[in-house]
Amino acid sequence: MMNGLLMFVFDILKVPSVLVGLMALIGLVAQKKPVTDVVKGTIKTILGFLVLSGGAGVLTGSLDPLGQMFEQAFHIQGIIPNNEAIVSIALGEYGAMTAYIMAFGMIFNIFIARFTRLKYIFLTGHHTLYMACMIAIILRVADFDGVQLVLVGSIILGLIMALFPAMAQRHMRRITGNDDIAFGHFGTLGYVLSGFVGEAVGKGSKSTEDMNLPKNLSFLRDSSISISLTMMVIYLMLAVLSGREFVETNLSNGDNYLVYAIIQAITFAAGVFIILSGVRLILGEIIPAFKGFSEKMVPSAKPALDCPVVFPYAPNAVLVGFLFSFLGGIVGLLVLGQLNMVLILPGVIPHFFCGATAGVFGNATGGRRGSMLGAFANGLLITFLPVMLLPVLGSLGFANTTFSDADFGLVGIILGNMARYMDKNVITIIAVAILAILVALNYMMPKKKMPEADAAK
């Protein structure tokens, strides 16, 4: 009965739209809004996330054939990092442990936001699921079980869900111009790296959004048009290189391979457009609703939202970031080949979502140069970190697959090596001690006013 109830809760919490809708509902009720406003705000928040998810689905559907054409064109074999693939394999054996750690990890996240200075509540449900799954696997192989496994795993997950948004917040203020929202996506290490690269190289560089075009080319200022045309070039090039027979036999169901490439390029742009619309709808509802939640339950807390939340602030940087992150992945692949190491193929989907986000972060701190070089650095990072994570996952029985996003690599390497060289009781003490220190510091150190938009500027 208890396990059945937990799995039901688990199924609810892993759906981002329901999770964020629940937070909006709590916030609106806490503000004692009229029933009509509560219903409207909750449904519009869920609707926004469904629109965003729909756009992501459209975009992913157009990116899958691009990846297949790339592999066919260059005849390269290797491992493509994929969060969903490794988690789907692992949940068969570690599903119950993952569910417990995810549910209690979210409770610890709220506890940390309430009683420490890490005022961030992580609302990206699927990434919470993936991280909970990785933590469950590592701790179980390290002989954790029962209450100790759930307690330590939940504390670690709660800390991670608060620490990574805190790392990104300085850059988020630069991107958004305010301190209302935080960033909740476990590729944070790459985005922060991109922000620092932008600061280092971008002095005097104009934003990707500032395009001085002749009057007859002014239509390119529309990001949907510029994305469509740029992706047409890429899709057509890969369609030609992979061959007419391959595309028409394996991808287009007999449709002309060039027409298919053009349609997929415009579909990609349509996916980006839908995502941007969904994000705008979410932001219009979640920020005022979450303020009510934070005022009543967790003072000063900020919602940490999925990576597309930054896309509307620099749509051109989204495309720049994707292309240069993918380029970084190709360069990283060539380096791995020269070193005779395991080849990590540049997965188009992680390089889009992580690379596009890195492009926005780099643009916020260093304009066009920051966007390009910051995203390139992210591409290298998500190529080499999975290589370093592979020995850990191999020892856990997952030798031929790995996580794609940077934070999974960092956490997996650190926690995996702790599990390999430390006693489980020592790991328990370390996790509890970190939590206790953060709570103690909140009460021992003088309170500081949180930086606002003016400080960010």
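Q: Is Asp 179 buried or exposed?
A: This is a predicted model, and every value that follows is computed from it. Burial is read from relative accessible area, and a residue counts as buried under 20%. Asp 179 has a relative accessible area of 7% and is therefore buried.

Q: With which residue does Asp 179 form a salt bridge?
A: Side chains of opposite charge can pair when their charged atoms come close. Here the partner of Asp 179 is Lys 302, with the closest N and O atoms 3.5 Å apart. Asp 179 lies in the loop between H6 and strand S2 (182–183), whereas Lys 302 belongs to strand S3 (residues 302–305), so the bridge ties together parts that are 123 residues apart in sequence. Lys 302 is also buried, at a relative accessible area of 5%.

Q: How many salt bridges does a search of the whole structure find?
A: The search finds 5 salt bridges. One of them joins the side chains of Arg 170 and Glu 199, at 3.0 Å from N to O. This pair links distant parts of the chain, with Arg 170 in helix H6 (residues 146–176) and Glu 199 in helix H7 (residues 188–201), 29 residues apart. Arg 170 is partly exposed at 38% relative accessibility, and Glu 199 is partly exposed at 34%. Arg 170 and Glu 199 also belong, with Arg 174, to a network of salt bridges.

Q: What separates Arg 244 and Glu 248 in helix H9?
A: Position along a helix should be read together with the distance between the charged atoms. Arg 244 and Glu 248 are 4 residues apart in helix H9 (residues 244–250), which means that about one helical turn separates them. They form a salt bridge in which the closest N and O atoms are 2.9 Å apart. Arg 244 is partly exposed, with a relative accessible area of 47%, while Glu 248, at 19%, counts as buried.

Q: Which residues lie nearest the centre of the largest pocket?
A: Rolling a probe the size of a water molecule over the atoms shows where empty space is left. In this model the largest pocket has a volume of about 560 Å³. Its lining comprises 25 residues, and those nearest the centre are Glu 84, His 126, Tyr 130, Ile 349 and Phe 353.

Q: Which helices each supply at least two residues of that lining?
A: They are helix H3 (35–74), helix H4 (83–115), H5 and helix H12 (348–395). H3 gives the most, with 6 residues. By residue class, the lining divides into 12 nonpolar, 9 polar and 4 charged.

Q: Which residues does Leu 305 touch?
A: Leu 305 is in strand S3 and is buried at 3% relative accessible area. Beyond residues up to four places away in sequence, Leu 305 touches several others, including Leu 123, Ile 181, Phe 183, His 185 and Leu 283. The C-alpha atoms of Leu 305 and Leu 283 are separated by 9.8 Å, and the two residues are 22 apart along the chain.

Q: How many helices and strands are there in the chain?
A: The chain has 15 helices and 3 strands. Of its 457 residues, 55% count as buried. Among contacts between residues at least 6 apart in sequence, 82% join residues at least 24 apart.

Key
Residues are numbered from 1 along each chain as its sequence is written. This is a predicted model: local features need pLDDT of at least 70, side-chain atom pairs count only at pLDDT 80 or more; totals for chains, interfaces and linings use all residues. Side-chain values use heavy atoms; hydrogens and water are left out. On a 1 Å grid over the protein atoms alone, a cavity is a set of points where a 1.4 Å probe fits but cannot get out, and a pocket is an open set with protein on both sides within 12 Å along at least five of seven lines; lining residues have an atom within 4 Å of a point. Grid points are joined across faces, edges and corners, and a volume is the space filled by probe spheres set on the points. Ala, Val, Leu, Ile, Met, Phe, Trp, Tyr, Cys and Pro count as nonpolar, Asp, Glu, Lys and Arg as charged, and the others, Gly among them, as polar. A salt bridge is a side-chain nitrogen of Lys or Arg within 4 Å of a carboxyl oxygen of Asp or Glu. Buried means under 20% relative accessible area, exposed over 50%, partly exposed in between (1.4 Å probe, protein chains only). Contact means heavy atoms within 4.5 Å.
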